[in-house]
Amino acid sequence: MIFQIRQTNSIKAIVFLLTFTFLSSSKIIAQKSVNRLILWDVTASMVGSTNNTPPNYGYNANSDIDKQVRDALIKIISDSKDDDGVFNIYPFGSDILEYMNFPNTSNGRNNAINYITNYKIDKQPKGYTNICGAWDKAMMHIDSKLRNVIYLFTDGSQNVAYGKDGINCLSSTVNKYCSLTNGTDTYTFYVSLNVADKTFQGILKDACKNITVVTADDVKGKGIKIPQKLVAKFQPL
């Protein structure tokens, strides 16, 4: 129970930091429509499943972060102001499962929130966590005429082969992203909610300045203070 409370508070703090950082940074730059791409890990582990054995599939309440993640996504959407931009919500597992688009208007935000609220995640594990594939395909939806912000939420690490580097594809995916977005107004928040998995941090650390890695550790004991590493460095076109 203590673990769950701490995890919930950490997710709330992370969302506050993401929202505050993005909104504060945006005020410095001339107004521009925002293309928001939400990559949402919807594998069964997000709802606490740990194995493939029915009926409860090894349910572990300490691993069930589904509600907290949905609340976090909804807060990102509801805190956004009209800007003629769009929310692209891409739930993913072994691949992106759906490409959903909602305009950043009052009705659009309500529809996006309803979509997230009603999205069903099956408790039976099916497929894998393909972060590389989701991120790679999201790059095809970056719009050079807009400010692009990618929110990648996951509780795990790459556990399926993708591309020429197989399961070790994250490094090449990051290099592709950094090369593609160099000098553009594009930014990514890589939010890892599995504090036990640190391998990805070495790959992402200092990869390029328009990626920020966010973990529960970043806000532990810091409250709402903004760590310097979370200050977004947007680059106008």
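What percentage of the 237 residues of the protein chain count as buried? The share is 51%, where buried means under 20% relative accessible area and exposed means over 50%, with a 1.4 Å probe and protein chains only. The model is predicted, so that local features need pLDDT of at least 70 and side-chain atom pairs count only at pLDDT 80 or more, while totals for chains, interfaces and linings use all residues. Residues are numbered from 1 along each chain as its sequence is written, and side-chain values use heavy atoms, with hydrogens and water left out.

**Whole chain**

- The secondary structure comes to six helices and six strands, taken as DSSP runs (H or I of at least four residues for helices, E of at least two for strands) that are numbered from the N terminus.
- From the N terminus on, the order of these elements is α-β-α-β-β-α-α-β-α-β-α-β.
- Among contacts (heavy atoms within 4.5 Å) between residues at least 6 apart in sequence, 74% join residues at least 24 apart.
- The protein chain exposes about 11,400 Å², of which carbon and sulfur atoms supply 54%, by the Shrake-Rupley method with a 1.4 Å probe.

**Helix H3**

- Helix H3 covers residues 106-118, and its end C-alpha atoms lie 18 Å apart, in agreement with the 18 Å that its 13 residues should span at 1.5 Å a residue, the expected span being 1.5 Å times one less than the number of residues.
- The buried residues of H3 are Gly108, Arg109, Ala112, Ile113, Tyr115 and Ile116.
- Seen down the axis of H3, these buried residues fall within an arc of 155°, so they line one face of the helix; the arc is that of the directions from the helix axis to the C-beta atoms.
- The buried residues of H3 pack against strand E1 (34-41), helix H2 (66-78), strand E2 (86-92) and strand E3 (100-103), whereas the face turned away from the buried side carries the exposed residues Asn107 and Asn118.
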